[in-house]
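Subject: Structure for your review

Dear colleague,

Please find below the structure that I am handing over to you.

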Amino acid sequence: MEEQPFVFYIGGKELKSTDTIAYLHNRELAEFPSEIKCLTNLQHLNLDFNQITILPPEINFLTNLKTLSLSWNQLTYLPKEIGKLSSLTDLDLRANHLSILPPEIGNLEGLERLILFYNPWESKWGTLLNEKTQLDQFR
């Protein structure tokens, strides 16, 4: 007999532990939902247009994640664990409050697209990042 998936609700949306896609944009979430770490099959996660201020270190549990979209939130920093998302190809961080990126972001060897527009960068390099969207342009 096949095991039934665990079901929970985030921002009024039903999610199952077997889901590979989670669209939780514009759900008025003030924090990163802790239940998401249970979605180990997740490949695409969209949390755009919320009020999330902190991305927890547990983000590294999402080892199958290919696309992570956190645009238009209130993030001020990224945890170093972001560098452990080895399957990540697309990372959208536009319109947050990021002024610096952790060095571990360089561990994302499969990352093809990094979107950083509309963040208050502290350095000239950050200003350059604001103007580019393709990581290949920096290699």
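The notes below set out what was found, topic by topic.

This is a predicted model, in which local features need pLDDT of at least 70 and side-chain atom pairs count only at pLDDT 80 or more, while totals for chains, interfaces and linings use all residues. Residues are numbered from 1 along each chain as its sequence is written, and side-chain values use heavy atoms, with hydrogens and water left out.

The hairpin

Strands here are DSSP runs (E, at least two residues), numbered from the N terminus. Two of them pair if DSSP finds at least two bridges between them. Strand β1 (residues 7-10) runs antiparallel to strand β2 (residues 13-16), with 4 bridges between the two. Within this pairing, Y9 has E14 of β2 as its bridge partner. The two strands form a hairpin with 2 residues between them, and G11 in the turn has a positive phi of about 55°.

The nonpolar core

Residues are called buried under 20% relative accessible area, exposed over 50%, and partly exposed in between (1.4 Å probe, protein chains only). A nonpolar core is a set of buried Ala, Val, Leu, Ile, Met, Phe, Trp, Tyr and Cys residues joined through side-chain atoms within 4.5 Å. The largest such core has 34 residues, and those touching the most other members are I36, L45, L47, L68, L78 and L93. Contact means heavy atoms within 4.5 Å. Beyond its neighbours within four places in sequence, I36 is in contact with I10, L24, L42, L45, L47 and L62.

Salt bridges

Side chains of opposite charge can pair when their charged atoms come close. A salt bridge is counted when a side-chain nitrogen of Lys or Arg lies within 4 Å of a carboxyl oxygen of Asp or Glu. By this rule there are 3 salt bridges.

- K16 pairs with E14, with the closest N and O atoms 3.9 Å apart. K16 is partly exposed at 33% relative accessibility, and E14 is partly exposed at 39%.
- R113 pairs with D90, with the closest N and O atoms 2.9 Å apart. Because R113 lies in strand β7 (residues 113-115) and D90 in strand β6 (residues 90-92), the pair ties together parts that are 23 residues apart in sequence. R113 is partly exposed at 34%, whereas D90 is buried at 14%.
- R94 pairs with D92 at 2.6 Å, N to O. R94 is partly exposed at 26%, whereas D92 is buried at 5%.

Loop residues

Which residues make a nonpolar surface patch of about 380 Å²? They are F49, W72 and Y118. F49 is in the loop between β4 (44-46) and β5 (67-69) and is partly exposed, at 45%. W72 is in the loop between β5 and β6 and is partly exposed, at 40%.

Most residues other than glycine have a negative phi. W72, however, has a positive phi near 55°. A95 also has a positive phi near 55°; this residue is in the loop between β6 and β7 and is buried, at 9%.

S17 is in the loop between β2 and β3 (21-23) and is buried, at 18%. Not counting residues up to four places away in sequence, S17 touches P5, F6, C38, L39 and N41.

Yours sincerely

Technical notes. Patch = residues over 30% accessible without salt bridge, like charges linked within 9 Å, V, L, I, M, F, W, Y side chains within 5 Å. Areas by Shrake-Rupley, 256 points an atom, 1.4 Å probe, with all protein chains shown as cover.
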